Amino acid sequence: MTNAAIPPSPTREEYARDYAAALAANGDETIFERSEPISLFVEWLTEAKGHEPNDANAMALSTIDADGAPDSRMVLLKDVDQRGFSFYSNRESNKGVELDATPRAALLFHWKSLRRQVRVRGVVEPVSTAEADAYFASRARESRIGAWASDQSRPLASRAELEAAVARETERFEGQDVPRPERWTGWRVTPETVEFWRDRPFRLHDRLLFTRDGDGWTRTRLQP
């Protein structure tokens with residue numbers, strides 16, 4: 001039985017009414033002529049920044065736990081270049097422990113306003129100390145203090161306990177710069193595959209897969 005909370009599939013009339021903008025935005029065939037994925041990703045992300053209500057750089061990060069089960073959560077992309085996709089967190093968090101044990105990950109970007117998504121799969125390595133220091137220094141002071149106060153992913157008795165830790169660290173760093181905790185770092189996903197997906201009417205979507213091939217990429221158009 002279908003749950004009433006789940007929207008039904010669109011009717012022909014709803015496609016005609018609601019998909020005109022998506023069809024116009026996603027009808028450019030020149031994306032299938034691209035030779036590499038990173039520049040296309042940056043273009044899509046730039047466009048998403050002008051349409052998404054918040055956090056166009058949000059992505060689902062999937063890792064593997066000690067039992068071999070997948071584990072996913074939303075994080076924020078903080079850099080992208082030809083080397084890969086970078087993000088930051090506490091290495092003692094669940095994600096950090098899992099990445100240390102199995103340095104592979106999948107990323108998923110979903111830009112609902114544009115009816116697009118991008119999937120990335122690849123190997124993971126820590127960013128350099130200089131990169132971690134530079135990004136940490138760019139954060140708001142309160143966020144830097146929070147990185148010291150939070151034992152991320154560990155049990156917490158109450159909100160009051162966390163606020164007390166924040167107050168303690170605020171007092172400790174009063175009048176001085178807040179350095180990066182050693183346990184706080186970043187990771188870079190070096191992509192092996194990058195798949196672009198865009199919505200087209202009647203579920204006849206466009207899919208474009210880039211697969212790393214030595215120093216270059218192979219490009220494959222996929223069935224929807």
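A charge sits over a ring if NZ of Lys or CZ of Arg is within 6 Å of the ring centre and within 35 degrees of the ring normal. Keep that in mind for the first stop in this predicted model.

Select F32 and R221. R221 lies over the face of F32, 3.8 Å from the ring centre.

Now show the whole chain as a cartoon. The chain has seven helices and nine strands, and its C-alpha trace spans about 60 × 50 × 40 Å along the principal axes. Of the 224 residues, 37% are buried. Among contacts with a separation of 6 or more, 65% join residues 24 or more positions apart.

Next, display the aromatic side chains; 13 aromatic pairs are present. Select W44 and F196, an edge-to-face pair with 5.2 Å between centres and 85° between planes. W44 belongs to helix α3 (residues 38-49) and F196 to strand β7 (residues 184-198), 152 residues apart. Both W44 and F196 are buried.

Stay on strand β7 and select W187 together with F87. These two rings are stacked, 5.6 Å centre to centre, with 25° between the planes. F87 is in strand β4 (residues 84-90) and W187 in strand β7, so this pair ties together parts 100 residues apart in sequence. F87 and W187 are both buried.

What lies over the face of W44? R116 does, at 4.6 Å from the ring centre.

Finally, select F41, F85, F109 and W111, which ring pairs link into a cluster.

Definitions and conventions: Residues are numbered from 1 along each chain as its sequence is written. This is a predicted model: local features need pLDDT of at least 70, side-chain atom pairs count only at pLDDT 80 or more; totals for chains, interfaces and linings use all residues. Side-chain values use heavy atoms; hydrogens and water are left out. Helices (H or I, at least four residues) and strands (E, at least two) are DSSP runs, numbered from the N terminus. Buried means under 20% relative accessible area, exposed over 50%, partly exposed in between (1.4 Å probe, protein chains only). Contact means heavy atoms within 4.5 Å. Rings of Phe, Tyr and Trp (its six-membered ring) pair if their centres lie within 6.5 Å; planes under 30 degrees apart count as stacked, over 60 as edge-to-face and the rest as tilted.
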